[in-house]
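Me: I'm new to reading protein structures. Could you walk me through one, feature by feature?
Reply: Happy to! Have a look at it here, and then ask away.

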Amino acid sequence: EAPICLSYHDFSSYRRMLDIGGNSGEFARQICSRHLDLTATICDLPVVCDIGQQHLAGTEQTERVDFFRANALNDPLPDGYDVITFKSMLHDWPDEQAITFLKKAHESVKQGGSLLIYERGPLDFIDSRLPFSLLPILLFFPFYRSPEFYVQQFHALGMRNIKVSEFTLETPFFIASATK
């Protein structure tokens, strides 16, 4: 999914990226492979970071993607990043915790830096027929939020240059970004 994000969002001005809940680091690795001046940090639980390091071992981006072991909901986040991303992570959390993640990211991103959310949007079962291959994602159906939820949070944080791009990758997706 990273190439799609790269087609909707320009990462060329960033030098440091923090991907909260970045899992294996693949999203960050692909972005770093396209932007050679960018380094990335994956913030995730310790066991997930261990798996991510194994996944990236031997890739060209190993030296440019590192891992920060933390529970991003409760632990302090590192700061000084040009962009903080949430890729397919916030839907795992109720509204209150999603808002907490965004507030903490807002505190950690540099002034003039960006927050970027890349998520599935709400599913519309009335007008669409989903293939059986998508049955596993139906578990999360109630938790896919509209981009407007995140736009409201950006406004509440006093962010500017709010942008939303919506597209379909078998299901609705969106990228919402804003500048601190």
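Me: Let me start with a backbone angle. Which residue follows α5, and is its phi positive or negative?

Reply: The residue after α5 is Gly158, and its phi is positive, near 80 degrees. Keep in mind as we go that this is a predicted model.

Me: How should I read a positive phi in general?

Reply: Most residues other than glycine have a negative phi.

Me: Where do Ser88 and Asn161 lie?

Reply: Ser88 lies in the loop between β4 and α4, while Asn161 is found in strand β6. Ser88 is partly exposed, with a relative accessible area of 21%. Asn161 is partly exposed too, at 45%.

Me: Let's step back. How many helices and strands does the chain have?

Reply: The chain has 5 helices and 7 strands. To read their order, start at the N terminus and walk along: α-β-α-β-α-β-β-α-β-α-β-β. The radius of gyration is 16 Å, close to the 16 Å that the globule rule gives for 180 residues, so the chain is as compact as a globular protein of that length. Its C-alpha atoms fill a box of roughly 45 × 40 × 30 Å along the principal axes.

Me: What share of the residues is buried?

Reply: Buried residues make up 49% of the 180. The accessible surface comes to about 9200 Å², and 52% of this surface belongs to carbon and sulfur atoms.

Me: How do I see whether a fold brings together parts that are far apart in sequence?

Reply: Look at the contacts. Among those between residues at least 6 apart in sequence, 67% join residues at least 24 apart.

Me: Back to α5, then. Which of its residues are buried?

Reply: In α5, the buried residues are Pro147, Phe149, Tyr150, Val151, Gln153 and Phe154. An α-helix has 3.6 residues a turn, so residues three or four places apart point the same way.

Me: What do the buried residues of α5 pack against?

Reply: They pack against α4, β5, β6 and β7.

Me: Now for charges. What makes a salt bridge?

Reply: Side chains of opposite charge can pair when their charged atoms come close. In this model the count comes to 5 salt bridges. One of them joins the side chains of Asp50 and Arg69, at 2.8 Å from N to O. Asp50 is in helix α3 and Arg69 in strand β3, 19 residues apart, and the pair links distant parts of the chain.

Me: Are Asp50 and Arg69 buried or partly exposed?

Reply: Asp50 is partly exposed, with a relative accessible area of 37%. Arg69 is partly exposed as well, at 35%.

Me: Which residue forms a salt bridge with Lys110?

Reply: That is Asp82, and the closest N and O atoms of the pair are 3.1 Å apart. Lys110 sits in strand β5 and Asp82 in strand β4, 28 residues apart. Lys110 is partly exposed, at 39% relative accessible area. Asp82, at 12%, counts as buried because the cut-off is under 20%.

Me: What parts does the salt bridge between Arg145 and Asp95 tie together?

Reply: These two side chains meet at 2.8 Å, N to O. Arg145 lies in the loop between β5 and α5, and Asp95 in helix α4, so the pair ties together parts that are 50 residues apart in sequence. Arg145 is buried, with a relative accessible area of 9%, whereas Asp95 is partly exposed, at 41%.

Technical notes: Residues are numbered from 1 along each chain as its sequence is written. This is a predicted model: local features need pLDDT of at least 70, side-chain atom pairs count only at pLDDT 80 or more; totals for chains, interfaces and linings use all residues. Side-chain values use heavy atoms; hydrogens and water are left out. A salt bridge is a side-chain nitrogen of Lys or Arg within 4 Å of a carboxyl oxygen of Asp or Glu. Helices (H or I, at least four residues) and strands (E, at least two) are DSSP runs, numbered from the N terminus. Buried means under 20% relative accessible area, exposed over 50%, partly exposed in between (1.4 Å probe, protein chains only). The radius of gyration is taken over C-alpha atoms; the globule rule is 2.2 Å times the number of residues to the power 0.38. Contact means heavy atoms within 4.5 Å. Accessible areas come from the Shrake-Rupley method with a 1.4 Å probe; for residues, only the protein chains shown count as cover.
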